[in-house]
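Dear colleague,

Please find below the structure that I am handing over to you.

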Amino acid sequence: MSKDIELHIGGSFDNVAKRVADAWHRAERGEAVSEDHLTFVTWDAFSSAMTGKRLELLRYLHEHPQVSVAALARALGRDYRRVHEDVEILGRAGLIEQDETGLHAGYDEIRTVISL
């Protein structure tokens, strides 16, 4: 089963409220509702969180879950400190999960919506 996330850049609180209300109404009608959304208020907020190196890390981790940040840094051939920082930022954004088995990037696809 595929797990996707919809990433929103820009928009307003009203947009978020509409998504929540829509999901709520579908659930009230008995429809299965299982969706993940991540919103960045501005393009600058998004671009500071998602750099080229972080996207590369996310793609690698999606295909090759790792037991630790150190193992991920070794696999990528990158400095531990930088990888740790990247994992922290992507984790706070909800794009990387860390549990007792290690690090995972569970989304198969990130769809992006950019408000103008």
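How many helices and strands does the protein chain have? The chain has 5 helices and 5 strands. Please bear in mind throughout that this is a predicted model. Read from the N terminus, the order of the elements is β-α-β-α-α-α-α-β-β-β.

The C-alpha atoms of the protein chain fill a box of roughly 50 × 30 × 20 Å along the principal axes. The protein chain comprises 116 residues, of which 31% count as buried. Where contacts link residues at least 6 apart in sequence, 67% of them join residues at least 24 apart.

Three strands form an open sheet in the order β2-β1-β5, with parallel pairing. Because β2 (36-40) and β5 (109-114) each have a single partner strand, they stand at the edges, and one side of each is left without a neighbour in the sheet. On average, neighbouring strands of this sheet are turned by 25° against each other, direction ignored. Strand β1 (residues 4-9) runs parallel to β5 and is joined to it by 6 bridges. Within this pair, His 8 has Val 113 of β5 as its bridge partner.

Asp 86 is located in helix α5 (residues 80-92). Is Asp 86 buried or exposed? Its relative accessibility is 5%, and since buried means under 20%, Asp 86 counts as buried. Beyond its neighbours within four places in sequence, Asp 86 is in contact with Lys 53, Arg 54, Leu 57 and Arg 78.

Glu 35 belongs to the loop between α1 (13-28) and β2. With a relative accessible area of 35%, Glu 35 is partly exposed, as this value falls between the 20% limit for buried and the 50% limit for exposed. Which residues does Glu 35 touch, not counting those up to four places away in sequence? They are Ala 23 and Arg 26. Val 69 is 34 residues from Glu 35 along the chain, and the C-alpha atoms of these two residues are separated by 28 Å.

With kind regards

Terms used. Residues numbered from 1 in each chain as written. Predicted model: local features only at pLDDT ≥ 70, side-chain atom pairs only at ≥ 80, totals over all residues. Heavy atoms only, no water. Helix = DSSP H or I, 4+ residues; strand = E, 2+ residues; numbered from the N terminus. Buried < 20%, exposed > 50% of the residue type's maximum accessible area, 1.4 Å probe, protein only. Contact = heavy atoms within 4.5 Å. Pairing = 2+ DSSP bridges. Axes fitted to C-alpha atoms, helices over the stretch in contact; angles between N-to-C directions.
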